[in-house]
Amino acid sequence: MQISFAAPSLDRTGAVAVGAAEAGLLPSAATLDKSLGGALGRAMGSSRFKGKAGQVLELLAPSGGRFSRVVLVGIGRADKFDVAAVEKLAAAVVGRLLTSGEKELAFAIDLPKGGKLKAAQLAAHLAMGAQLRSYTFIKYRTKQRDEHEPTLASIIIGTEETSAARKAWQRMQAVADGVFLARDLVNEPPNVMSPQEFAARAQGLSKLGVKVEVLGEDEMRKLGMNALLGVGQGSARESQLVVLQWNGGRKKDQPVAFVGKGVCFDSGGLSLKPGASMMGMKGDMGGAAAVTGTMRALAARKARVNAVGVLGLVENMPDGKAQRPDDVVTSMSGQTIEILNTDAEGRLVLADALWYAQTRFKPRFVIDLATLTGAIMVALGLEHAGLFANDDKLAGRIQEAGREVGEPVWRLPLADGYDKMIKSKIADMKNISGVTHGGSIVAAQFLQRFIDKTPWAHLDIAGVAWQDGEQKPLSPGWGVGWGVRILDRLIADHYEA
Ligand code: BES
Ligand code: MN
Ligand code: ZN
């Protein structure tokens, strides 16, 4: 989408979006209404449009004006008109117009009286909402019907503060690009998105100044990463470990580290999933996708931070060489693991990736993202990601960042009693507890055994990385790109020099 900012003007063609509060039309809308001979007011009268947040009213080619379409959107109560509401409003308009035949859309939304937003903020977040909603993933449709083809190509946002808005948007656009990359990676089918293909796409970040290293199986074997390697052992495709480095901070600054679960397809391995549960398991690399998208965002906006991303990329498949339930593997940390269920594979991948990230980079903190457990959806549904942490300060900052960008998280406990549940008779630990309760916590306890003294947080994103049901306002597709915005905000709020 081409997005630009310009001084407010109603002297245009194409579509225009104007706003109404519950108290009535905003100034631009009122001016437009006059030039249309009161058509907006009449349309409001004959519909149930009340200016409530989320309401949309469309007038096609009203006479008295040059606009092909006027979209009146409700902004709700001025005191509740925050950045999240602005983004949703823009998304609602773009959702209506994306395949409508319109090519160009102008926003003429004024700041409501009694609100807290600044003009540049309003404009930049209109852009963000519009951009995030404009995402499509239709490359594999060869027979798209004409009326399903996106037409909207350009959005002009009217604002009194064009240069401040442009500056804010430049930064946000880098984040939106990171979200789009994460969505693309998740949406690609698993026959395409192999560990090697994922690594190749990650290589693309080098254009932005990210240092990219790719380790294959031989190199990982030398490092002793047998927990990760065991998961990929039943696949015809080679496992990969990708290391991304963005050095935008001072030379001597300790980096922050992100680790992503990148199971490109999770069949369950020999502990095979039933067919219905296997559907969607191309998205089991959503953690790695979020980390990649975040690194892209940080590099594109030249964040003043040293950041590392480590991606554990494998395919969990059941062939004659596959890992068996009952196998024992020695992880890179030296700790041994009894594998009792090959479908609890994400924690095995993360065990080695986390250890690698900590020992090589000595980071200020490490945060892992993983579509780790179905149980997190039992606990939290699809609204919050699960947060676990060994550090209250880091946890608080993540919670705060999540609230700011609309990616909320909910903290769950860690405690010795749960840790005892993964004691093994023949190894240092087993990879499942063997009982069904507390599944997400047990998985997090397993990860914690691979955390040294580093402040650490684990985000279980199994419920938020993709969406099968109702679509989210800012995320029209399947892959959500969850994680890019919260991590970018966390860095911007607390870790930039
Ligand atoms: N990738 C799955 C978790 C998952 C399930 C993500 C559904 C998204 C939707 C993970 O590897 C897995 O299979 N976990 C098992 C753990 C169990 C064997 C202890 C699960 O959740 O059933
Ligand atoms: Mn699994
Ligand atoms: Zn998995």
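Along the chain, the donors of the zinc ion (ligand 3) follow the spacing K-x4-D-x17-D-x60-E, where donors are N, O and S atoms within 2.8 Å of the metal (3.2 Å for Na, K and Ca), and sites may look incomplete since water is not among the atoms. This is a predicted model, in which local features need pLDDT of at least 70 and side-chain atom pairs count only at pLDDT 80 or more, while totals for chains, interfaces and linings use all residues. Residues are numbered from 1 along each chain as its sequence is written, and ligands are numbered from 1 in the order in which they are written.

**Zinc site**
- The protein donors are K261 (NZ), D266 (OD), D284 (OD) and E345 (OE), which lie 2.0 to 2.4 Å from the zinc ion (ligand 3).
- D266 also bridges this zinc ion and the manganese ion (ligand 2), and the two ions lie 3.2 Å apart.
- K261 counts as buried because its relative accessibility is 2%, and D266 is buried at a relative accessible area of 3%; buried means under 20% relative accessible area, exposed over 50% and partly exposed in between (1.4 Å probe, protein chains only).

**Ligand 1**
- Of the 17 residues around ligand 1, those that come nearest are K273, D284, D343, E345 and G374, where a residue is near if one of its heavy atoms lies within 4 Å.
- A polar side-chain atom of D284 lies 2.9 Å from a nitrogen atom of ligand 1, whereas G374 places a backbone N or O atom 2.8 Å from an oxygen atom of ligand 1.

Key. Heavy atoms only, no water. Polar contact = N/O pair within 3.5 Å; in protein donor to acceptor, adjacent residues only side chain to side chain.
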